[in-house]
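Biologist: I should like to go through this structure with you and ask for the reasoning behind each term. Could you begin with the term that the first residue requires?

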Amino acid sequence: MASSQVTVGSGEHHVLALHGWFGSARGWGALPDYLDPAAYTYAFMDLRGYGGRQQVAGEYTMQEAASDALALAGELGWDRFSVIGHSMSGQAIQHVLLQAPGRVRRLVALNPVPATGVPFDDDGWALFSGAADSRDNRFAIIDFTTGSRLPAAFVNHVVQHSLDHSSAEAFGAYLESWAKTDFSEQVQGNPAAVKVIVGEHDPALSAPVMEQTWMQFYPAAELEVIPNAGHYPMFETPAALAASIEEFLGRD
């Protein structure tokens with residue numbers, strides 16, 4: 001696998017981090033600055049079509065992203081590891097669990113898409129499906145998912161990162177995978193240790209949505225709502241997010 005991961009730390013607890021639809025391996029804001037490098041080794045990876053792997057062709061599915069994550073773990077010599085997935089990669093990390101259940105220590109699902117996919121009305125689908133080729137659509141999506149409360153400069157920063165670090169082909173194709181795939185029957189009752197983290201100002205992937213999906217599928221799951229954050233707590237509240245992630249990982 002052509003890799004372009006960003007590695008943070010050198011600790012014994014290994015963690016794979018998979019970015020969201022608008023992200024990349026370098027799209028985690030200030031979060032890496034607040035992680036514990038002595039206890040953990042984080043590998044922030046690029047999905048196909050993103051970051052240093054923009055030219056890597058593929059099917060652009062969440063199953064493929066999971067397979068690539070496992071390939072990266074193999075390259076790194078990691079037998080067991082925890083997994084973090086933001087937004088669309090909330091699905092990808094569940095596929096990692098399904099593909100290699102014995103290797104996964106803990107799952108951190110950050111503002112995550114559930115295994116049911118995401119229902120859209122006609123207007124919502126037009127907005128999201130048009131985002132691959134429209135800066136304005138991307139702006140509207142990011143503004144909405146952060147509660148329409150942050151300055152335009154912030155929204156434009158996230159938009160520009162996505163334009164610079166993803167191919168339009170991959171960006172459009174991943175939407176079909178994470179929005180329209182339902183594999184909830186495969187994860188129902190899974191005993192994995194899962195922490196679901198959402199921002200209080202995320203109107204789409206909100207705490208009630210998590211209660212109806214993730215918390216129903218994973219009996220050992222727990223849910224935390226981060227104050228003063230929307231869909232991008234790695235930018236909005238990175239120190240609080242780091243604390244939340246590592247408190248959970250540190251129990252293992």
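Modeller: Contact means heavy atoms within 4.5 Å. The model is a predicted one. Serine 177 is found in helix H6. Leaving aside its neighbours within four places in sequence, serine 177 is in contact with Tyr60, Thr61, Met62, Gln63 and Gln91.

Biologist: Why does serine 177 count as buried?

Modeller: A residue is buried under 20% relative accessible area. Serine 177 has 7% relative accessibility, and therefore counts as buried.

Biologist: Which other residues of H6 are buried, and what covers them?

Modeller: Besides Ser177, the buried residues of H6 are Ala170, Phe171, Tyr174, Leu175, Trp178 and Ala179. Their cover includes helix H1 (62-76), helix H2 (89-99), helix H3 (122-129) and helix H4 (135-145).

Biologist: How do you know that the span of helix H6 agrees with its number of residues?

Modeller: The expected span is 1.5 Å times one less than the number of residues. H6 has 13 residues, 168-180, so it should span 18 Å; its end C-alpha atoms lie 19 Å apart, which agrees.

Biologist: What describes the packing of two helices, and how do H3 and H6 pack?

Modeller: Two packed helices are described by the angle between their axes and the distance between those axes. For H3 and H6 the angle is about 145°, and the axes are 10 Å apart. On the H3 side the contact is made by Trp125, Phe128 and Ser129, and on the H6 side by Leu175, Glu176, Trp178, Ala179 and Lys180. By class, these residues are five nonpolar, one polar and two charged.

Biologist: Why is strand S6 described as largely enclosed?

Modeller: Six of the six residues of S6, residues 194-199, are buried, so the strand is largely enclosed by the rest of the structure. Val194, Val196 and Val198 point one way, while Lys195, Ile197 and Gly199 point the other way, and all are buried. In a regular strand the side chains alternate between the two faces of the sheet.

Biologist: How do you know that S6 pairs with strands S5 and S7?

Modeller: Two strands pair if at least two bridges are found between them. Strand S5 (residues 104-110) is joined to S6 by four bridges, and the two run parallel. Leucine 107 has valine 194 of S6 as its bridge partner. With strand S7 (residues 222-226), S6 pairs in the parallel sense over five bridges; there valine 196 stands opposite leucine 223.

Biologist: What makes strand S3 mostly covered, and which strands pair with S3?

Modeller: In S3, residues 40-45, six of the six residues are buried. Tyr40, Tyr42 and Phe44 point one way, and Thr41, Ala43 and Met45 the other way. Three bridges join strand S1 (residues 6-8) to S3, and this pair runs antiparallel; valine 8 has tyrosine 42 as its partner. Strand S2 (residues 13-18) pairs with S3 in the parallel sense over six bridges, and histidine 14 stands opposite threonine 41.

How values were computed. Residues are numbered from 1 along each chain as its sequence is written. This is a predicted model: local features need pLDDT of at least 70, side-chain atom pairs count only at pLDDT 80 or more; totals for chains, interfaces and linings use all residues. Side-chain values use heavy atoms; hydrogens and water are left out. Buried means under 20% relative accessible area, exposed over 50%, partly exposed in between (1.4 Å probe, protein chains only). Axes are lines fitted to C-alpha atoms, for helices over the stretch in contact, and angles run from 0 to 180 degrees between N-to-C directions. Ala, Val, Leu, Ile, Met, Phe, Trp, Tyr, Cys and Pro count as nonpolar, Asp, Glu, Lys and Arg as charged, and the others, Gly among them, as polar.
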